Structures are given as structure tokens and as C-alpha cells.
Amino acid sequence: MVKIFGQTGLDISELPNLTVEACQAGAVTSANGQSTPIPAGLCRELAEYAQERGIVSGPVMVTQSGKPIHRANVNHILNHAAASAGFAPEKFSPSALRRMCRRAQDDIRKKLEPLYTQSYEQLLDTEQAMVAWPQE
């Protein structure tokens, strides 16, 4: 559960959208139509989890009776995981994990932007040389 929120940045209300089909597609589609990629490693783990529990379609995170897991149970599971790992429960809340994921994604984007700019400029220089445009 920690990996789901920490690696995807999903909101707790989007957890029922995390289905076997979404794992196969590699992305979760939220109610507003926004697509969130699921990392390949997490897809494999969720597929194994679903297979072990006999879930062939629909939501992956369900109760023993097959109903989508309630948000209170999600918080209980995360609080238990936090206690087991020796962390404060607020560090394992879905919102804290989502913020951590978004911060990590933002940091990666900031680091990639100069590389993108450099690659784009090299592409333009190469094109200019190939077409023999005059250099300014």
C-alpha cells in the first residue's frame, strides 16, 4: 500500500481505479480522465498480489469479501506499516506519500530540463549543418 501511494501519487479516493486492467495497461485513469502511469515493478507486484488472492478483474485492493477497501482501512493499514517500520504515522499517510511522490517527480523534471534544452539545441545545430543554413 505504501508503494502504491509513494510511487504513483494516487489520491486515496482513486484507489478503486487501481484495477487488474489498469495494471495490465500500465496506467490508472482517474474519474476526471487523467492518466497516472504505474511503474513496471509495481505493476508486477500488484499482478502477483491479485493472482495470489484470486482477483482476475476489477479493483486490486479489496476486502476479503471482494468490496473495494474503505479509506479508513487504508489509513489503518498505513498506520500499522508505519509502526512496524518505526516511523511516525503521519509520515505514512496517503497525502504525505503523494506529496513525496510529486516532490520526487518535480525534482527529476528540474534535473531533466537542462538536458532537454541541450539536446534540442544540438538537434537544431545538426539540422542547420545538414541543410547548410548560414550560421549567424
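These are my notes from looking through a predicted model, one topic at a time.

**Entry 1: Thr8**

I started with Thr8, which sits in helix α1, residues 2-8. Is Thr8 buried or exposed? Its relative accessible area is 4%, so I put it down as buried. Next I looked for what its side chain does with polar partners. The side chain of Thr8 reaches the backbone oxygen of Ile4 at 2.3 Å. A polar atom of that side chain also lies 3.2 Å from the backbone nitrogen of Leu10.

Then I listed the contacts of Thr8, leaving aside neighbours within four places in sequence. They are Lys3, Thr36, Pro37, Ile38, Pro39, Leu42 and Cys101.

**Entry 2: Thr36**

I found Thr36 in strand β2, which covers residues 35-37. Thr36 counts as buried because its relative accessibility is 13%, and the cut-off for buried is under 20%. Which residues does Thr36 touch, apart from neighbours within four places in sequence? I noted Thr8, Leu10, Gly26, Ala27 and Val28. Leu10 turns up here as a contact of Thr36, and its backbone nitrogen is the one I had noted by the side chain of Thr8.

**Entry 3: helix α4**

On to α4, residues 71-85. I count 15 residues here, and the helix reaches 21 Å from its first C-alpha to its last. That is close to the 21 Å expected at 1.5 Å a residue.

Which residues of α4 are buried? I wrote down Val74, Leu78 and Ala82. They cover an arc of only 70° around the axis, so they are on the same side of α4.

What do the buried residues of α4 pack against? My note says α1 and α5, the latter being residues 94-131. On the face turned away from the buried side I found the exposed residues His76, His80, Ala83 and Ser84. Just after α4 comes Gly86, and I noted its positive phi of about 80°.

**Entry 4: aromatic rings**

How many aromatic pairs does a search of the whole structure find? I got one. The pair is Tyr116 and Tyr120, with ring centres 6.4 Å apart and planes at 15°, so I call it stacked. Planes under 30 degrees apart count as stacked. Both tyrosines belong to helix α5, and because they are four residues apart there, about one helical turn separates them.

Tyr116 is exposed, at 59% relative accessibility. Tyr120 is partly exposed, with a relative accessible area of 44%.

**Entry 5: cysteines**

How many disulfides does the structure hold? I found zero. I still wanted to know about Cys23 and Cys43. A disulfide would need the two sulfur atoms within 2.5 Å.

Both came out buried when I looked them up. Cys23 has a relative accessible area of 8%, and Cys43 has 11%.

Terms used: Residues numbered from 1 in each chain as written. Heavy atoms only, no water. Helix = DSSP H or I, 4+ residues; strand = E, 2+ residues; numbered from the N terminus. Buried < 20%, exposed > 50% of the residue type's maximum accessible area, 1.4 Å probe, protein only. Polar contact = N/O pair within 3.5 Å; in protein donor to acceptor, adjacent residues only side chain to side chain. Contact = heavy atoms within 4.5 Å. Expected span 1.5 Å × (residues − 1). Arc of directions from axis to C-beta. Phe/Tyr/Trp six-rings, centres within 6.5 Å; stacked < 30°, edge-to-face > 60°.
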